[in-house]
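Me: I have some questions about the labels used for this model. Please set each value against its cut-off.

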Amino acid sequence: MIFEYKLNTPSQGLVDITSELCEAIKESGVNEGICVVFCPHTTAAVTINENADPDVRSDFVAGMDRIFPDMEIFRHREGNSDAHLKSSAVGASEVIIIRKGKPLLGTWQGVYFCEFDGPRTRKFYVKIMKG
Ligand code: ZN
């Protein structure tokens, strides 16, 4: 079972997609299993991080800018090599255990779509497997 979601992203930032994930699991009817959240873009990513203090999300963006600044040595004509680096560093997918019909996440964890070169209309997939 594959679910596809669309979202409009900010220029940079983490968009909470935990509720979409919960919705997909509920709709699938799977109680115990695994789900994969996949981002099909080269300047975006998926991650799991804190869902309590919104400063963590803005610090994430600020930190990634420090770690992967735009550099003069970059040759990519589109001018967004920093976003490509961030995308690969964070990763295109997350695997999450499903227990009792819900994603097994820690109390302070949420699932995030990471935009590094927006604003854009993006999509992500949720694949759910029983087992
Ligand atoms: Zn590019």
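Me: Which elements do the buried residues of H3 pack against?
Reply: Strand E4 (44-50), helix H2 (54-67) and strand E7 (109-115). This is a predicted model: local features need pLDDT of at least 70, side-chain atom pairs count only at pLDDT 80 or more, and totals for chains, interfaces and linings use all residues. Residues are numbered from 1 along each chain as its sequence is written, and side-chain values use heavy atoms, with hydrogens and water left out.

Me: Why is Thr43 called buried?
Reply: Its relative accessible area is 3%. Buried means under 20%, exposed over 50%, partly exposed in between (1.4 Å probe, protein chains only). So Thr43 is buried.

Me: Why is His76 called partly exposed?
Reply: His76 has 36% relative accessibility, so it counts as partly exposed. Glu78, at 51%, is exposed.

Me: Which atoms coordinate the zinc ion?
Reply: His76 (NE2), Glu78 (OE), Asn80 (OD1) and His84 (NE2), at 2.0 to 2.2 Å. Donors are N, O and S atoms within 2.8 Å of the metal (3.2 Å for Na, K and Ca); water is not among the atoms, so sites may look incomplete.

Me: What makes the site of the zinc ion irregular?
Reply: The angles among its four donor atoms are 88 to 146°. Four donors count as tetrahedral if all angles lie between 85 and 135 degrees; four count as square planar and six as octahedral if opposite donors are over 155 degrees apart and all others between 65 and 115; anything else is irregular. The zinc site is therefore irregular.

Note on methods: Contact means heavy atoms within 4.5 Å. Helices (H or I, at least four residues) and strands (E, at least two) are DSSP runs, numbered from the N terminus.
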